[in-house]
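Here are a few exercises to work through with the model open beside you. Take each task sentence on its own before reading the solution.

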Amino acid sequence: MDTSKKIKILYIDDEPNNLVSFKASFRFDYNVFIANNTDEAIKRLEENPDISVILSDQRMPGMTGVEFFEEIRTEFPNPIRILITGYTDIESVISAINRGHVFRYIKKPWEEADVKSAIDEAHKFYITTNMLAVKNEELQKAYEELDKFAYSATHDMRGPILSVLGIIDLTKNAEEMGEIKEMVGMMENAMLKLDNYIQNLHDHYSIRRGELNITEIDFDNVMKDMSDLYDITSRVKNVRFEKSVQQNGKFRGDDISIKIIANNLLSNAFKYQRKDADDKFVSFSIISENNQAVIIVEDNGIGIPEKNLNDVFTMFFRGANDEIGSGFGLYNVKDALNKINGKIEVSSSEDIGSKFIVTIPSK
Amino acid sequence: MSVDKMNFIVIDDSKLDCFIAEKIILNSGMCESVKVFQQASQALEHIQAVGTAQGTTVVFVDIQMPVMNGFEFVENFEKMPDGLKKNYHMYMLSSSINENDIARVKGYDSVRRFLNKPLTNDTIKAVLEEFNA
């Protein structure tokens, strides 16, 4: 029987008979773990961090159920606690709630239906609380990113604008036509840089906010789009562009994410070439079979120093002394891959080249 | 009393901003020499090589640069011998309006002050006047 999807619960009682009868009663509904002392209970919790509900007998030698709950609260804060007892004095109820953070209280001898409803309610509570924790973490991450973004945006968006303002100031005193033309060319570059940044930003938010649109992917079409974008770059920059596509069977995925990934990797491969190299190349291959696509982008450019390999996917990290990097490209790649459950591997050597291998599962 | 012409070093990863700074400096009429670096590490090497062979030098360094940023540059510079350091006068430039960056600039003994980008004729005039005291 498949026990993996059942709710995991832990029952602690010093009476072996109670343990046996509890397990017998509930093993069909839940994945039941039992322990006849608190040390053993802690062991079970360590082995099974996804136990969501703990039921404990109150009267045990050595330690009461409430004391046990109180003790494990810091180390195992997530499971929801239910206390089972035959003695119902008000004092122990109060201390159970206040000290042990007990969710429910069950009287002995227990009714099977009562126990089940208590467990189900506790599990619901567990799920909600955990979801809240996950959401909180996401929110924290979003805040941090926003901070980083605000800092970088003033630099990356204001930078080109201020450059242009600086040149405008210079042109006021420039008289030679050649000089003025040179300055106009520089202003153009600054604006292109700003535009590129804004487009990356747009990509970033379409990955983030956008819903995935899963369709059948024709990788020939992906290749054609990339060829349209990079064939000219290849000629102008004198970089050989090797392409190959192999698609066996259908592949379903999000077209936009796949293109953002391919585009960013290719853009980098062409950008980070060694200026003085003889036989510059970028190779781009797609192999789609057995429900997964492998995209490989390789170049013989400047490479990535080993110490930076872990940072290249970080937002706004720029590893090279060039002025065209926005620190967005590979971050966007990683983000897009996270959304479509893809993986990326990078191997690189300085002055030899880089190789990025992307694996994307079909939906 | 008016000072002699001065030497300048510009460090900025943006080619464009280097160009602007160079022009502005040349236009000031107070320029003995100007050196431009797009990588802070190369500027450090240059300073090390020149040592004390050169007179008063004004250094304009951008804060946000890849690989070695302006702060890292200043920290490396501050490790150099005192005799050499007193020849160089640092100004840190940035396009970001970040209070933390501006506050951090104040913490470095070798940095005279923070300047907003872009460098203009007026800014450089103000900087040069600081040496006219």
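**Exercise 1.** Find how many salt bridges the rule gives across the interface of chain A and chain B in this predicted model.

*Solution.* Start with the count: the rule finds 2 salt bridges between chain A and chain B. Next, look at one of them, in which R318(A) pairs with D13(B). Their closest N and O atoms are 3.1 Å apart, so the pair meets the cut-off of 4 Å.

**Exercise 2.** Work out which helices of chain A supply at least two residues of the side that touches chain B.

**Exercise 3.** Describe the extent of the interface between chain A and chain B.

*Solution.* First count residues: 24 of chain A are in contact with 25 of chain B. Then turn to area: about 2300 Å² is buried between the two chains, 56% of it on carbon and sulfur atoms.

**Exercise 4.** Identify the residues nearest the centre of the second largest pocket.

*Solution.* Among its 23 lining residues, those nearest the centre are F316(A), F317(A), R318(A), Q64(B) and M65(B). The largest share of the lining, 5 residues, comes from α5(A). The space in this pocket is about 570 Å³.

Terms used: Residues are numbered from 1 along each chain as its sequence is written. Chains are lettered from A and ligands numbered from 1 in the order in which they are written. This is a predicted model: local features need pLDDT of at least 70, side-chain atom pairs count only at pLDDT 80 or more; totals for chains, interfaces and linings use all residues. Side-chain values use heavy atoms; hydrogens and water are left out. Contact means heavy atoms within 4.5 Å. Buried area is the accessible area (1.4 Å probe) that two parts lose on being put together, summed over both. A salt bridge is a side-chain nitrogen of Lys or Arg within 4 Å of a carboxyl oxygen of Asp or Glu. Helices (H or I, at least four residues) and strands (E, at least two) are DSSP runs, numbered from the N terminus. On a 1 Å grid over the protein atoms alone, a cavity is a set of points where a 1.4 Å probe fits but cannot get out, and a pocket is an open set with protein on both sides within 12 Å along at least five of seven lines; lining residues have an atom within 4 Å of a point. Grid points are joined across faces, edges and corners, and a volume is the space filled by probe spheres set on the points.
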